[in-house]
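Biologist: I am new to this structure. Please show me how to read its main features.

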Amino acid sequence: MRLGLLGGSFNPIHNCHLSVAAQTRDALNLDRILFVPTGDPPHKDSGSLAPARHREAMVRLAIGAEPSFELTDIELRRGGKSYSIDTIRALQTHLGPEAELFFVIGLDAFLDLPSWKEADRLLRACHFVVVSRPGASFERLATMPLFPPVDREQLRTLDRGEAHRLTVPVPDGDRLTLLRLAPCLVSASEIRQRIRARRSVADVLPPPVQSYIIQHGLYLEDADHTGSQG
């Protein structure tokens with residue numbers, strides 16, 4: 001079983017999340033993509049998050065029609081701070097050695113990896129898949145702490161669009177794959193702003209997610225109060 005893990009606050013889940021999942025699945029021939037909504041992320045102000053039950057419900061609605069997409073509530077059930085190394089270890093224990101885990105992460109977030117809990121062990125624990133993000137350069141990885149040695153010119157070919165995939169060996173670990181995907185400029189923060197401004201989001205959200213947000217009145221309050229909505 002080749003299993004991609006796509007974590008995030010999904011606040012809310014939107015079309016770019018689904019596009020990244022589908023493109024990564026196809027590029028790496030993955031059997032499934034497992035969406036992992038975060039509970040209390042250590043790198044974000046949890047006060048800006050919609051309640052976990054709403055974010056989980058929206059993910060289920062967004063992926064319901066795609067058999068290769070699934071959801072796990074492992075981080076939502078854990079309580080307290082959610083750290084990726086703990087999630088990976090728990091999934092490896094639960095799924096067993098026959099499951100090969102691919103940790104899918106945006107380039108902008110991956111550049112912050114050195115500040116994560118047990119970052120060096122996390123990098124060796126599974127196969128990382130670093131996907132392109134608007135405004136982030138693969139070339140920056142050449143000077144990133146913990147990143148394996150790599151030819152800077154190879155990274156530039158990804159930034160220029162001359163290459164779309166690069167596999168890098170990880171010492172004492174698995175491999176790390178860099179993927180240049182079709183650009184998608186939508187962000188969850190922009191969507192929340194549009195909702196508060198009563199602007200249409202039909203072009204960026206799956207229809208069931210848009211209906212759910214309207215039904216429950218999510219993201220209409222100021223960002224500092226969004227987390228307390230019922």
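Modeller: We will take confidence, then elements, then size and surface. This is a predicted model, in which local features need pLDDT of at least 70 and side-chain atom pairs count only at pLDDT 80 or more, while totals for chains, interfaces and linings use all residues. Residues are numbered from 1 along each chain as its sequence is written, and side-chain values use heavy atoms, with hydrogens and water left out.

Biologist: What pLDDT does the protein chain average?

Modeller: pLDDT is the predictor's confidence in each residue, from 0 to 100. The protein chain averages 91, and 93% of the residues score at least 70. Over residues 223-230 pLDDT stays under 50.

Biologist: How many helices and strands does the protein chain have?

Modeller: Both are DSSP runs, numbered from the N terminus: helices are H or I with at least four residues, strands E with at least two. The protein chain has 9 helices and 7 strands.

Biologist: What does the radius of gyration of the protein chain agree with?

Modeller: The radius is taken over C-alpha atoms, and the globule rule is 2.2 Å times the number of residues to the power 0.38. For 230 residues a compact globule would have a value near 17 Å, and the 18 Å of the protein chain agrees with that. The C-alpha atoms fill a box of roughly 50 × 40 × 35 Å along the principal axes.

Biologist: What share of the residues is buried?

Modeller: Buried means under 20% relative accessible area, with a 1.4 Å probe and protein chains only. Buried residues make up 46% of the 230 in the protein chain.

Key:
Contact = heavy atoms within 4.5 Å. Buried < 20%, exposed > 50% of the residue type's maximum accessible area, 1.4 Å probe, protein only.
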